[in-house]
Amino acid sequence: MELVYIWVEEYKNIKRQGFNFSSRYNCEFKYKYDENNELKKDCELIIHENEDYISIFPKDINVTGIIGTNGSGKSNILEIISIYSE
């Protein structure tokens with residue numbers, strides 16, 4: 001299994017932000033909000049295969065790095081992944 005994309009509605013310092021974890025795929029999340037400013041159920045995630053993708057690893061290995069300045073939310077992203085992977 002491969003984690004390709006996550007959308008974070010709100011968690012600590014991350015609000016309404018998408019994260020693409022794959023260089024093999026390009027992801028676009030088309031979000032919609034209702035009149036109460038809540039995410040609607042009929043949002044759409046569009047995933048396209050990246051035509052320029054070249055892998056230096058075997059087919060079943062994917063390596064992704066999370067980088068950023070202090071306080072940018074790197075640890076929070078890892079917390080979200082660990083919470084929802086249980």
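Helices and strands in this predicted model are DSSP runs, numbered from the N terminus. On this basis, K12 lies in the loop between β1 (5–11) and β2 (14–20). K12 is not a glycine, yet its phi is positive, at about 50°. A second residue other than glycine with a positive phi is R16, for which the value is near 45°; R16 is located in strand β2. Most residues other than glycine have a negative phi.

R16 is partly exposed, with a relative accessible area of 35%. The charged end of R16 sits over the ring of Y33, at 3.8 Å from the ring centre. Y33 in turn belongs to one aromatic cluster, formed together with Y5, W7, F29 and Y31.

Five aromatic pairs are counted in the model. One of these is the tilted pair of W7 and F29, with 4.7 Å centre to centre and 45° between the planes. This pair links distant parts of the chain, since W7 is in strand β1 and F29 in strand β3 (residues 25–30), 22 residues apart. F29 also forms a tilted pair with Y31, at 6.2 Å centre to centre and 35° between the planes. F29 has a relative accessible area of 18% and is therefore buried, the limit being under 20%, whereas Y31, at 48% relative accessibility, is partly exposed.

In helix α1 (residues 74–84), the buried residues are N76, I77 and I80. They lie on the same side of α1, because they cover an arc of only 105° around the axis. Strands β1 and β2 are the elements against which the buried residues of α1 pack.

Note on methods: Residues are numbered from 1 along each chain as its sequence is written. This is a predicted model: local features need pLDDT of at least 70, side-chain atom pairs count only at pLDDT 80 or more; totals for chains, interfaces and linings use all residues. Side-chain values use heavy atoms; hydrogens and water are left out. Helices (H or I, at least four residues) and strands (E, at least two) are DSSP runs, numbered from the N terminus. Buried means under 20% relative accessible area, exposed over 50%, partly exposed in between (1.4 Å probe, protein chains only). The arc is that of the directions from the helix axis to the C-beta atoms. Contact means heavy atoms within 4.5 Å. Rings of Phe, Tyr and Trp (its six-membered ring) pair if their centres lie within 6.5 Å; planes under 30 degrees apart count as stacked, over 60 as edge-to-face and the rest as tilted. A charge sits over a ring if NZ of Lys or CZ of Arg is within 6 Å of the ring centre and within 35 degrees of the ring normal.
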